[in-house]
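Subject: Structure handover

Hello,

Please find the structure below, followed by notes on what was found in it.

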Amino acid sequence: MAAGAPRRQPTLDEVAERAGVSRSAASRVINKAPHVSRATRDAVERAIKEMGYLPNRTARALATQQTGIVALAVSHDDPELFADPFFAQVIVGVSAALEETDLHLLLCLASSGRGRSRLTNLLHTRGVDGIMLMALRGDDPLIHIVRKAGLPAVYGGRPLHFEPHWYVDSDNLGGARLATEHLIGLGRTRIVTITGQISTEVGEARYRGYREAMIMAGLSPHGMTEGDFTEAGGAAAMRTLLDRHPDLDAVFAASDNMAAGALRVLGEAGWSVPADVAVVGFDNLGIAERTVPPLTTVHQSIQALGKEMARMLIGLIAGQERTSIILPTRLVVRDSA
């Protein structure tokens, strides 16, 4: 061979011969098919490593009728959403699970008409092997688009009026109840809440958890204002609550971002936290440790949410049985309450 000539790639037949197995057995290992013995899998993987074999992705796609791509679709139209700490951690979790496979991730914003049209075309042409969905509202058009496509689909959180076959969610109701019970345990009785969008299941569930805790303690829900899970939304809601309920003594905000906005407004208005008003958030994002004072909050494992969504989808694509998951939440006590 002339110096500098490219090295010929080994073929699947040569890998099978080196491993001492049939061509079909080597193919099943490479395509991660189930029901392959450990000895066969080890022998083929060893041959692949020794020979530097790279699968022909085009041939694999034709053989398996798969693209090697999965989508994460969010019912939103602002690309900056993916920089939000919550969604950034979801993507980290999804990516960690996909690193164990040959699957690649495609991010889709699908709130606008154009975004939904692009997603519809992607699913109709089988441009992806499966899809994960998040941030759905009420009777979201994405639900109907995905159901009609018939592809494996995993929901991050449950839609408000639809129980999907496969979803991964956090215990939003239980976490909100924990937060409110903690405030009640501190002797606070005039507890208000800043909710997320009530048109979302997560917003509604966290509001319901607050109400249940108040009623079980013999207290009347003192006041609520709807936010949008952002710091600016939390600040605006806090101003409204101070106007409507100047006697409040505690705030449960349904996200850390909204709690941070509420703390800023309370400080500007001269309220001392937690002496005058105690504040609890939800999520346990990095911002919870940087607020003044540091924020008591409900921890949910956001990376685990993304990782379990991806693992569930990987299993469904492989034809495996999967069951939905609700991840636990817990209270993290800091200085704000």
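**Strand β3 and its neighbours**

β1 and β3 pair in the parallel sense over 5 bridges. In this pairing, Ala 71 stands opposite Ile 131 of β3. Please keep in mind throughout that this is a predicted model.

On its other pairing, β3 runs parallel to strand β4 (residues 153-156), with 4 bridges between them. There, Met 132 has Val 154 of β4 as its bridge partner.

How many of the residues of β3 are buried? The count is 5 of 5, so the strand is mostly covered by the definition of buried as under 20% relative accessible area. In a regular strand the side chains alternate between the two faces of the sheet. In β3, Gly 130, Met 132 and Met 134 point one way, while Ile 131 and Leu 133 point the other way, and all are buried.

**Helix α7**

The buried residues of α7 are Leu 142, Ile 143, Ile 145, Val 146 and Ala 149. They lie on the same side of α7, because the arc they cover around the axis is only 165°. An α-helix has 3.6 residues a turn, so residues three or four places apart point the same way. The buried residues of α7 pack against β1, α6 (113-124), β3 and β4. Arg 147 and Lys 148, on the other side of α7, are exposed. After α7 comes Gly 150, which has a positive phi near 75°.

**Helix α5**

Helix α5 (residues 85-98) has 14 residues and reaches 20 Å from its first C-alpha to its last, close to the 20 Å expected at 1.5 Å a residue. Its buried residues are Phe 86, Phe 87, Val 90, Ile 91, Gly 93, Val 94, Ala 97 and Leu 98. Why do they fall on the same side of α5? They cover an arc of only 160° around the axis.

What do the buried residues of α5 pack against? The strands are β1 (69-74), β2 (104-109), β3 (130-134), β9 (278-283) and β10 (296-300), and there is also the helix α13 (302-317). At the start of α5, a side-chain oxygen of Asp 84 comes to within 2.8 Å of the backbone nitrogen of Phe 86.

**Strands β6 and β7**

A right-handed β-α-β unit is also made by β6, helix α9 (residues 201-216) and β7. Strand β6 (residues 191-195) pairs with β7 in the parallel sense over 4 bridges, and Ile 194 has Thr 225 of β7 as its bridge partner. β7 has a covered face, made of Gly 223 and Thr 225, and an uncovered one, made of Met 224 and Glu 226.

**Backbone geometry to check**

Most residues other than glycine have a negative phi, and most peptide bonds are trans. The following places depart from that pattern.

- Val 273 and Pro 274 are joined by a cis peptide bond, with omega about 10°. Pro 274 is in the loop between α11 (256-268) and β9.
- Val 292 and Pro 293 are also joined by a cis peptide bond, with omega about -5°. Pro 293 is in the loop between α12 (287-290) and β10.
- Phe 229 is not a glycine, yet its phi is positive, about 70°. Phe 229 is in the loop between β7 (223-226) and α10 (231-244).
- Asp 283 is not a glycine either, and its phi is positive, about 130°. Asp 283 is in strand β9 and counts as buried, because its relative accessibility is 6%.

**The chain as a whole**

The protein chain has 13 helices and 12 strands. Its C-alpha trace spans about 85 × 40 × 35 Å along the principal axes. Of the 337 residues in the protein chain, 48% are buried. Among contacts between residues at least 6 apart in sequence, 71% join residues at least 24 apart.

Regards

Key. Residues are numbered from 1 along each chain as its sequence is written. This is a predicted model: local features need pLDDT of at least 70, side-chain atom pairs count only at pLDDT 80 or more; totals for chains, interfaces and linings use all residues. Side-chain values use heavy atoms; hydrogens and water are left out. Helices (H or I, at least four residues) and strands (E, at least two) are DSSP runs, numbered from the N terminus. The expected span of a helix is 1.5 Å times one less than its number of residues. Buried means under 20% relative accessible area, exposed over 50%, partly exposed in between (1.4 Å probe, protein chains only). The arc is that of the directions from the helix axis to the C-beta atoms. Contact means heavy atoms within 4.5 Å. A polar contact is a pair of N or O atoms within 3.5 Å; within protein, one must be able to donate a hydrogen and the other to accept it, and residues adjacent in sequence count only if both atoms are side-chain atoms. Two strands pair if DSSP finds at least two bridges between them. A crossover is right-handed if, with the strands pointing away from the viewer, the path from the first strand over the helix to the second runs clockwise.
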